[in-house]
Amino acid sequence: MSDHSGRRTGTGVPARRHASGRDANASEILDMSENSDMMVSMATSDRGAPTGTDPGPDVFGALANPVRRRILELLADGPRNAGAIAGEFELSRPAVSEHLAVLRRAELVTEEVRGRERHYALAAGPLAELDDWLRPFERYWRHTLRGLRDHVEATAPPITPSTGDDQ
C-alpha cells in the first residue's frame with residue numbers, strides 16, 4: 001500500500017506527517033493520537049458541549065431541531081396538552097410525542113398527567129443556564145460588530161442623496 005504521495009506504508013493507512021514535514025514514526029503517531037483523544041475528551045462531555053460549561057442534559061441536541069424549538073415557543077405562552085401541541089404541526093401524534101420526550105429528557109419541559117391527558121409546561125432552568133453560558137459570546141459579538149460599524153463609518157465616503165438627475 002502507498003499513501004497519497006506514493007510512499008509505501010504497508011498498513012493501508014496513509015503515513016502521518018510530523019510537524020517538521022518528515023514522516024512521523026510509530027511512537028510519535030501514538031503520541032499524536034493519544035494527545036488529540038485526550039484534548040477532545042478534556043474539551044467535551046459525552047454530549048459534545050464544552051466541559052464545565054455544559055448547560056445540562058443534552059440541551060443543545062434538543063434545541064437543534066426546529067420542531068422542538070417551535071414547541072418551546074408554544075409553551076412560552078403557557079402550558080398545553082399534548083393534543084393541542086400536536087395540532088400545531090403537520091406531523092403524526094407519535095412524532096410530536098417523540099419530540100416532547102426529547103424535550104423532557106433535556107429537562108426543557110415538564111409533564112403532568114391529568115386523567116387521560118398529558119400537559120406540558122416550559123421548564124425555565126436549563127434555558128437560564130444556557131443563557132448564562134451564551135452571554136460571553138453575545139458580548140463578544142456586540143463588541144466585534146460595534147468595531148466593524150465604527151470602522152465602516154470612519155472609512156466610508158459620505159453618501160450623498162440622489163436627486164434623480166443622474167440618468
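Reader: In this model, which residues of the largest nonpolar core touch the most other members?

Author: The model is a predicted one, and of the 21 residues in its largest nonpolar core, Ile71, Ile85, Phe89, Leu103 and Leu108 touch the most other members. The elements that give two or more residues to this core are α2 (59-63), α3 (66-76), α4, α5 and α6 (124-155), and the largest share, five residues, comes from α3. As general background, nonpolar side chains tend to be buried together in soluble globular proteins.

Reader: What does Leu103 touch, once residues up to four places away in sequence are not counted?

Author: Leu103 touches Ala62, Arg68, Ile71, Leu72, Leu108 and Val109 on that count, where a contact requires heavy atoms within 4.5 Å.

Reader: Why is Ala86 called buried?

Author: Buried means under 20% relative accessible area, and Ala86 has a relative accessible area of 9%, so it counts as buried. Ala86 has its place in helix α4, and, leaving aside its neighbours within four places in sequence, Ala86 is in contact with Arg93 and Val96. The C-alpha atoms of Ala86 and Ile71 are separated by 9.1 Å, the two residues being 15 apart along the chain.

Reader: Why is Glu107 called partly exposed?

Author: The label partly exposed covers what lies between the limits of under 20% for buried and over 50% for exposed, and Glu107, at 45% relative accessibility, falls in that range and therefore counts as partly exposed. Glu107 is found in the loop between α5 and β2 (109-114), and it has a positive phi of about 60 degrees although it is not a glycine.

Reader: What share of the protein chain counts as buried, and how many helices and strands does the chain have?

Author: Of the 167 residues of the protein chain, 21% count as buried. The chain has six helices and three strands, and from the N terminus on its elements run α-α-α-β-α-α-β-β-α. Among contacts between residues at least 6 apart in sequence, 36% join residues at least 24 apart.

Reader: Where is Ala121 found, and with which residues is it in contact?

Author: Ala121 is found in strand β3, and, leaving aside its neighbours within four places in sequence, Ala121 is in contact with Leu75, Pro79, Leu108, Val109 and Thr110. The C-alpha atoms of Ala121 and Arg104, 17 residues apart along the chain, are separated by 9.9 Å.

Reader: How much space lies in the largest pocket, and which residues are the closest to its centre?

Author: About 190 Å³ of space lies in the largest pocket, and of the 14 residues that line it, the closest to its centre are Ala82, Gly83, Ser97, Arg118 and Tyr120. Each of α4 (82-86), α5 (93-105) and β3 (117-122) supplies at least two residues of the lining, with the largest share, six residues, coming from α5. By class, this lining has six nonpolar, three polar and five charged residues.

Note on methods
Residues numbered from 1 in each chain as written. Predicted model: local features only at pLDDT ≥ 70, side-chain atom pairs only at ≥ 80, totals over all residues. Heavy atoms only, no water. 1 Å grid on protein atoms, 1.4 Å probe; cavity = no way out; pocket = protein on both sides within 12 Å on 5 of 7 lines; lining within 4 Å. Points joined across faces, edges and corners; volume = space filled by probe spheres on them. Helix = DSSP H or I, 4+ residues; strand = E, 2+ residues; numbered from the N terminus. Nonpolar A, V, L, I, M, F, W, Y, C, P; charged D, E, K, R; others polar. Core = buried A, V, L, I, M, F, W, Y, C linked by side-chain atoms within 4.5 Å. Buried < 20%, exposed > 50% of the residue type's maximum accessible area, 1.4 Å probe, protein only.
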